[in-house]
Amino acid sequence: MTRPFNFSAGPAAMPEAVLQQAASEMLDWHGSGMGVMEMSHRGKEFISIYEQAEADFRELLAVPAHFKILFMQGGGLAENAIVPLNLSGGGAVDFVISGSWSEKSFKEAGKFCTARVAATSQASQFTQLPAASSWQLGADSRYVHVCSNETIHGVEMHTLPDLKALGCDAPLVVDFSSHVASRPVDWSRVGLAFGGAQKNLGPAGLTVVVVREDLMGQALPHCPSAFDYQLVARNDSMYNTPPTYGIYMAGLVFQWLKAQREGALSGVAAMEQRNAAKAQLLYDFLDNSQLYENRVAKDCRSRMNVPFYLRDASRNEAFLAGAKTRGLLQLKGHKSVGGMRASIYNAMPMAGVQALVQYLRDFEHTQA
Ligand SMILES: *Cc1c(COP(=O)(O)O)cnc(C)c1O
């Protein structure tokens with residue numbers, strides 16, 4: 001049986017091999033007589049799962065030793081509060097608004113600190129990134145927040161900003177929820193990065209936080225204990241019960257990632273090359289079509305989330321219905337922007353993008 005191709009923005013498609021492995025281990029993990037979700041998080045079986053997942057994530061993304069990797073709960077939206085509770089000291093924070101997600105982060109942070117807009121691309125309807133040279137960064141900034149992949153608007157920072165080169169000593173905070181593990185990360189530019197798992201790492205319920213050690217231990221007094229990075233780190237993410245099944249599933253995804261190859265490349269480098277090729281195939285088709293359009297500037301188009309519009313919006317329903325009959329699922333765009341969106345995360349094979357492009361071509365021909 002071949003499964004349909006699932007273009008959901010999140011929770012999103014998982015590698016099929018991972019789902020199969022999880023299914024085969026559901027009732028009895030490695031002869032323990034227990035399924036993973038039935039295990040104590042303090043038992044040796046689960047500790048081994050956790051340690052492997054942490055080590056694999058560190059290896060895959062080359063996370064330096066002076067960063068902690070925390071497995072938390074609450075998703076990206078909770079981090080919009082947890083980051084300022086830990087890092088702002090109640091002072092001023094600068095936000096680069098490049099789409100819906102950074103805007104949400106900015107609004108939430110205002111409850112805990114003085115949130116300022118350093119730059120915004122709203123005037124372009126978030127089809128461009130605000131040029132780094134235009135960012136207004138205050139000398140008193142506690143940190144600078146960016147969303148490196150805007151899941152709804154389909155805008156991606158292909159390189160992270162170098163704040164030092166902009167004359168800013170504050171740490172960079174990155175929401176990388178929707179492209180984590182799709183490409184390498186330049187940790188020399190990062191103070192903290194966070195991401196919900198449900199786009200590119202595993203099931204919803206797990207949040208991965210990568211934080212430079214020197215930024216911990218400054219939480220505001222009213223920060224909930226379970227969200228105090230230092231406390232979480234000191235307890236190896238087990239201050240409270242972590243999302244054990246989510247960690248296990250993400251761990252299986254990390255193993256799968258480590259086994260991926262593209263020519264001489266492996267792991268995240270292989271994914272980056274494959275993701276670039278997938279995205280190029282789709283964007284090239286859209287750009288050359290009469291029916292469809294992507295409105296994002298070419299230098300900041302997301303490799304993960306490709307929003308597109310039918311120039312004749314009255315065809316939207318027919319388009320989605322036809323896609324479904326071909327086994328191409330969840331292509332409807334986010335309700336705030338309309339149109340369509342194809343999310344093509346790591347788990348989407350090239351064959352899925354090829355099937356989508358074939359359908360786009362065929363549907364366009366039936367409209368001619
Ligand atoms: C999905 C997403 C979030 C929100 O994650 P939740 O788990 O729903 O809180 C935050 N930021 C980005 C970039 C996202 O794609």
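How many nonpolar, polar and charged residues does the lining of the largest cavity have? By class, this lining has ten nonpolar, four polar and one charged residues, where Ala, Val, Leu, Ile, Met, Phe, Trp, Tyr, Cys and Pro count as nonpolar, Asp, Glu, Lys and Arg as charged, and the others, Gly among them, as polar.

The model is predicted: local features need pLDDT of at least 70, side-chain atom pairs count only at pLDDT 80 or more, and totals for chains, interfaces and linings use all residues. Residues are numbered from 1 along each chain as its sequence is written, and side-chain values use heavy atoms, with hydrogens and water left out.

**Domains and their contact**

The domain assignment, which is automatic or from a database, gives domain 1 (17-257) and domain 2 (262-367). Their C-alpha centres lie 26 Å apart. The contact (heavy atoms within 4.5 Å) takes 23 residues from domain 1 and 24 residues from domain 2. Between the two domains an area of about 2,000 Å² is buried, with carbon and sulfur atoms giving 57% of it; buried area is the accessible area (1.4 Å probe) that two parts lose on being put together, summed over both. Eleven residue pairs, both residues at pLDDT 80 or more, are in polar contact between the domains. A polar contact is a pair of N or O atoms within 3.5 Å; within protein, one must be able to donate a hydrogen and the other to accept it, and residues adjacent in sequence count only if both atoms are side-chain atoms.

**Cavities and pockets**

On a 1 Å grid over the protein atoms alone, a cavity is a set of points where a 1.4 Å probe fits but cannot get out, whereas a pocket is an open set with protein on both sides within 12 Å along at least five of seven lines; lining residues have an atom within 4 Å of a point. Grid points are joined across faces, edges and corners, and a volume is the space filled by probe spheres set on the points. The structure holds three cavities of 30 Å³ or more.

| Space | Volume | Residues closest to the centre |
|---|---|---|
| Largest cavity | about 80 Å³ | Ala13, Lys199, Asn200, Leu201, Ala347 |
| Largest pocket | about 350 Å³ | Arg3, Met14, Glu16, Ala347, Pro349 |
| Second largest pocket | about 280 Å³ | Gly76, Trp101, Ser177, Gln198, Lys199 |

The lining of the largest cavity draws at least three residues from each of domain 1 and domain 2.
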